[in-house]
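Biologist: Hello! Could we go through this protein together, one step at a time?

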Amino acid sequence: MVTAVLRGLIAAALALPVLVLSPTPTQAAETAETLPLAEAVSRLPLGTESRDGYSRDLFRHWNSGDDPADGCNTRAEVLINEAVEPPTVGAGCRLTGGLWWSYYDATWVTPASNLDIDHMVPLAEAWDSNASTWTAQRREAYANDQGSAQSLVAVTARSNRSKADQDPAEWLPPSADMHCRYAAQWVATKLRWTLTADTSELTALSDLADACPDQDVTYEPAL
């Protein structure tokens with residue numbers, strides 16, 4: 001009798017659907033790693049850069065963003081997320097009002113039309129640093145990456161255009177107080193996407209790490 005009951009319970013259990021649980025926010029956070037800037041720089045793989053075959057069109061952006069239902073593209077979603085004072089979101093995701101802090105040049109900015117969304121590691125630099133081997137889907141994911149707050153940053157158009165596609169050996173933010181933060185976000189983005197760095201870039205980052213001994217880098221590898 002007992003055996004029959006046990007068999008029945010086992011059979012019932014086997015008939016139940018298997019639930020696949022998604023990672024909780026806490027579990028996802030546990031995949032992130034924090035380490036000193038100097039150590040983070042040492043983890044960047046050395047590579048030889050090549051711009052052969054590059055076109056900005058190979059990185060599709062801006063797409064429909066993290067929430068296609070909200071009617072906003074990636075640019076608008078980043079602006080909404082980074083606003084110090086939130087803008088009003090109207091029909092067609094038209095943004096009015098709002099206030100932003102452009103940390104590159106320590107400048108308060110309004111309206112949103114005066115801002116660019118900068119790829120922390122520019123698309124051309126990413127191409128040079130291994131993205132040339134990626135699929136189109138991965139390049140699109142990179143160009144619209146909101147999985148890390150460090151990948152895309154709202155800054156003044158003038159500072160973004162001054163930076164262009166230069167790496168830290170060639171350009172740093174006009175605000176010297178922001179150099180440590182910038183270096184950490186640059187390195188975090190390269191580690192997140194397994195991008196290489198060339199010799200001059202590594203030298204510049206190592207010098208920044210020496211000047212920023214208390215600066216940490218936090219990153220989570222992109223899927």
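Modeller: Happy to! There are two disulfides here, a disulfide being a pair of cysteine sulfur atoms within 2.5 Å. This is a predicted model, where local features need pLDDT of at least 70, side-chain atom pairs count only at pLDDT 80 or more, and totals for chains, interfaces and linings use all residues. Residues are numbered from 1 along each chain as its sequence is written, and side-chain values use heavy atoms, with hydrogens and water left out.

Biologist: Which cysteine forms a disulfide with Cys72?

Modeller: Cys72 sits in the loop between H3 and helix H4 (74-82), and its partner is in the loop between strand E2 (88-89) and strand E3 (95-96), 21 residues apart. Here helices (H or I, at least four residues) and strands (E, at least two) are DSSP runs, numbered from the N terminus. The two sulfur atoms are 1.9 Å apart, and the partner is Cys93.

Biologist: Is Cys180 buried or exposed, or partly exposed?

Modeller: Cys180 is joined to Cys212 by a disulfide, S to S 2.0 Å. Cys180 lies in helix H8 and Cys212 in the loop between H9 and E8, so this pair ties together parts 32 residues apart in sequence. Buried means under 20% relative accessible area, exposed over 50%, and partly exposed in between (1.4 Å probe, protein chains only). Because Cys180 has 24% relative accessibility, the term for Cys180 is partly exposed.

Biologist: What handedness does the link of Cys180 and Cys212 have?

Modeller: The angle about the S-S bond tells us. For Cys72 and Cys93 that angle is 95°, and their link is right-handed. For Cys180 and Cys212 the angle is -85°, and the link is left-handed.

Biologist: What is the relative accessible area of Glu125?

Modeller: Glu125 is found in helix H5 (residues 123-128). Leaving out residues up to four places away in sequence, Glu125 touches Glu49, Arg51, Asp165, Asp167, Trp186, Lys190 and Glu201 (contact means heavy atoms within 4.5 Å). Glu125 is buried, with a relative accessible area of 1%.

Biologist: What distance separates the C-alpha atoms of Ala106 and Asp177?

Modeller: Ala106 has its place in the loop between strand E4 (100-102) and E5. Not counting residues up to four places away in sequence, Ala106 touches Trp101 and Ser175. Ala106 and Asp177 are 71 residues apart along the chain, and their C-alpha atoms are separated by 9.1 Å.

Biologist: Where is Trp108?

Modeller: Follow the chain to the strands. Trp108 has its place in residues 107-109, which make up strand E5.
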